[in-house]
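Please examine the sequence and the structure shown here before reading on.

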Amino acid sequence: MPLLEIRNLKVEFETAKGAFKALDGVDYTVDAGEVLSIVGESGSGKSVAMLAVMGLLPDTATITADVMEFEGRDLRTLSSRERRKVIGKDISMIFQEPIASLNPCFTIGFQLAETLKIHTDLNSAARKARVLELMRAVGIPDPEGRVSAYPHQMSGGQCQRVMIAMAIACSPKLLIADEPTTALDVTIQKQILDLLVQLQQESGMGLIMITHDMGVVAETADRVIVQYKGRKMEESDVLSLFENPQHAYTKALLSALPENATGDRLPTVSDFADAGGF
Amino acid sequence: MTKNTPVAAAAQVKLEQESRNATKAMLLEFWYYFSQNKGAVLGLAVFVLLVLVAVFAPLVAPHDPDVQYRDSFLVPPVWLEGGKAAFLLGTDAVGRDILSRLIFGARFSLFIGIVVVTIALVGGIVIGLVAGYMRGFVDTFIMRVMDIILAFPSLLLALVLVAILGPGLMNAMIAIAIVLQPHFVRLTRAAVLAERSRDYVVAAKVAGAGHFRLMFKTILPNCLAPLIVQATLSFSNAILDAAALGFLGMGAQPPTPEWGTMLAEAREFILRAWWVVTFPGLAILITVLAINLVGDGLRDALDPKLKRS
Amino acid sequence: MINAGAFVYSTGDHPAVSWQDPPVRHIRTHDMFRILFSRLGLLIPTFFGVTLVAFSFIRLLPGDPLDLLAGERGIDPERKAQLMAQMGFDRPLWEQYLDYLLNIFQGDLGTSFASKKPVLDEFLTLFPATAELALCAIIIAVCLGIPAGIFAAVKRGSVADQAIMGTALVGYSMPIFWWGLLLIILFSGILQWTPVSGRISLMFFFPQVTGFMLIDSLLSGEKGAFLSAVRHLILPSVVLATIPLAVIARQTRSAMLEVLGEDYVRTARAKGLPPFRVIGFHALRNALIPVITTIGLQVGVLLAGAILTETIFSWPGIGKWLVDSISRRDYFVVQGGLLLIAGIIMLVNLIVDLLYGLINPRIRHN
């Protein structure tokens, strides 16, 4: 049984200019222990599906799917309360802007402990110990000192480590990472990616990596889904994708990488649009 | 310089044309956002109506506001028992038609608003520009003076100023304008401080613009949005404060049909003749509400963060 | 005057306290003193400016100060010369100003002509009445305004939101002296539920312990006294609370709307926290920061509003005292009153500044 199974997911937003189709019938499947990467440019809807799974979309969104199951449980029919038992515990998510994703008024230790308080019945001392343990696991130096720090006192990389710690606090079965390194320095990017891969391998959890960066895909993914304007263009394992891309859009994306710049002009996606019919 | 060649002249004309088009486009975009706020449009309509009523008061009002009808003291509004058709909203204690007084009172309220806002705006902008631009001792001194003004509750300071200057409408307006000054000064100064280090200002300076030009032609137009919103807020505050002063007997003096003064005269009759109290206050409320609706709409339309294109 | 910026702190260790508690314990007193002293540095020149304004008041009045003080009876020249020397009006202005300052620091603000009592004493006697009124008003405004603002923000665009905001708009467009009169007509005149004036029914007479009628009436133990005090207090409080209530509701709504769109609120939801905690704790904590400043600024509005409210309800507080004194030409009262009220407002603003530094960690650490 796959960890996460989504079939024919459609998400529409009500806007002032009418309904906007963010996702138009996309399928996703993730197995336990697998790393799936969803790649696409801005506006492809890659984050929307995962936000829909987490229940984080605004009320203006209409979500329909043939199947939307996590560990066999139908997510569409969950009540809010039941969903809150799953979110943050079995499925967790980290986001793009780490410092902004942490509440500036509370210490990081407090925010970490909060997850444990909601989802576990550890007592105060046990929570404190676990928080320090988590901070060590994600590689934050001097956990005892940093535990009473505020988000604005830490760097972006460290805040992202805190977010990761918060996400793995309750040993989730599935971790969704929505562009986790986009806002970070290049050197820090590698550290965070390595950390995510390491944690995934140690715990055997499923990892969904949403990104627009093909380099990140190459580093981390087992399987890849290529998305464009709310529709799936291609899905395959990572090696086949890079060696033998099937869809014209995937070819366009790969050609647009600076590494592939030979000649006078860097190819763009729209060069391939007519041929690929997308 | 190439100023006088035909090519340069044609380019100049084109530049001006584009500049005009850009301004027109900006105004149209502004109106688009403003008109989406139905409350603001309603407020604007009411306000325009008020202006028309005030301007054409002698034509619109059924009676002269100062004429006392000796046989009609404290007549109720027409729909109540004892009301007369000649006096739609009733009469006051000395037999003057309330509706006519309200209509003429609109003139005073609008006059007060315009004068006060003009003084406060002009003074506030100039002082704020100077403070923000000059920095240093001048800035510190000006801001301390503003802090002193703000240390007093506005009405109290206005009362004291009127006590010094003597009761009356003109003095009340001056007092209120002084009391509202600091808000404009602070806004302008804050905007100037934010803008003066921006690249376009530095560019203008490098191109040789002098101080005055920099202050008024370069920086000021980019600070206008919050000032416009504050101006509408101060317009309504001015009307409220002037009415309050009138109510306390320190503003417009009887028999001026200023709405606040009318309320002061009516106070002793609140239990006997509620209409003498209700209608002038209602007039103030509707006017201020309309202006505040417009102000809200302006703020939403002018706030770049809310632009939804 | 609320200028909550430019405080520089050294990053130091945090004291070893329980970090699982909300962060209020992390403030070092050293930090707060630093804020205090920097604010005082700004306040001191402002305070002297205020004394200058108060001092100038009598001297700016048209006419000779002594003629004014003598009133309509006039004063014969010999007596006038005597009084001039006595009051120091014949000395150079700067000397008079220094005298005035010295007197202030000794607590002498002059004597009221109407009551013949020292201005400071009269102020202290009447102030509790205004304080009681203002406190009730701000409590009403905060307890109704903040929840209303939160609700309107959470239900943005709904009928409830528009209704709340519409009401708030009407609330601060209202001339409160008229609003008070209307409520008197309705509740005192037609329904006869509340009295028209005063702080308590005339049939009660008990010693003033605190000056707060609500507390004193309870302490006196007289039957019906507390209820009478409440009935007298409720209408003026509601009238005075109207504008702050509207402003606080609007400000809370706009602050909440801004906060609700922030990433950390999404994170809180993603953690599986219940909506009540996401909104009422994570979001509200951040939204309250600008709202606290607004509440502090409302004190000035309250004191201005108290002038009108006390006049309408014949409430024996400092607002009414000042207005009457201006009409009566009791100038020392006005001079002293100006000073004291401005002083109170500056003090409250200082406290709000400190509070702002306390609750906003980013300002604390810069």
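The sections below treat one interface and then the salt bridges.

## Basis of the report

The structure is a predicted model.

## Interface of chain C and chain A

The size of an interface is often given as the accessible area lost when the parts come together. For chain C and chain A, the area buried between them is about 3000 Å², with 63% of it on carbon and sulfur atoms. Chain A contributes 35 residues to the contact and chain C contributes 29 residues.

Polar contact across the interface of chain C and chain A involves 10 residue pairs, in which both residues have pLDDT 80 or more. On the side of chain C that touches chain A, at least two residues come from each of α10 (263-270), α11 (275-313) and α14 (361-365) of chain C. The largest share of that side, seven residues, is supplied by α11(C). Sorted by class, the side of chain C that touches chain A comprises 12 nonpolar, eight polar and nine charged residues.

Two salt bridges are counted between chain C and chain A. In a salt bridge between C:Lys271 and A:Glu114, the closest N and O atoms are 3.0 Å apart.

Side chains of opposite charge can pair when their charged atoms come close. Over all chains, the count comes to 30 salt bridges.

In chain B, a salt bridge joins the side chains of B:Asp92 and B:Arg101, with an N to O distance of 3.8 Å. Both B:Asp92 and B:Arg101 are buried. Another salt bridge is formed by B:Asp139 and B:Arg189 at 2.6 Å, N to O. Because B:Asp139 belongs to helix α5 (residues 136-151) of chain B and B:Arg189 to helix α7 (residues 169-195) of chain B, this pair ties together parts that are 50 residues apart in sequence. B:Asp139 and B:Arg189 are both buried.

In chain C, the side chains of C:Arg39 and C:Asp353 form a salt bridge with an N to O distance of 2.4 Å. C:Arg39 lies in helix α1 (residues 29-60) of chain C and C:Asp353 in helix α13 (residues 331-359) of chain C, so the pair links parts that are 314 residues apart in sequence. C:Arg39 is buried, as is C:Asp353.

## A network in chain A

Which residues are joined into one network by salt bridges that share partners? The network consists of A:Glu34, A:Arg223, A:Lys232 and A:Glu235.

How values were computed
Residues numbered from 1 in each chain as written. Chains lettered and ligands numbered in written order. Predicted model: local features only at pLDDT ≥ 70, side-chain atom pairs only at ≥ 80, totals over all residues. Heavy atoms only, no water. Contact = heavy atoms within 4.5 Å. Buried area = accessible area lost by both parts, 1.4 Å probe. Salt bridge = Lys/Arg side-chain N within 4 Å of Asp/Glu carboxyl O. Polar contact = N/O pair within 3.5 Å; in protein donor to acceptor, adjacent residues only side chain to side chain. Helix = DSSP H or I, 4+ residues; strand = E, 2+ residues; numbered from the N terminus. Nonpolar A, V, L, I, M, F, W, Y, C, P; charged D, E, K, R; others polar. Buried < 20%, exposed > 50% of the residue type's maximum accessible area, 1.4 Å probe, protein only.
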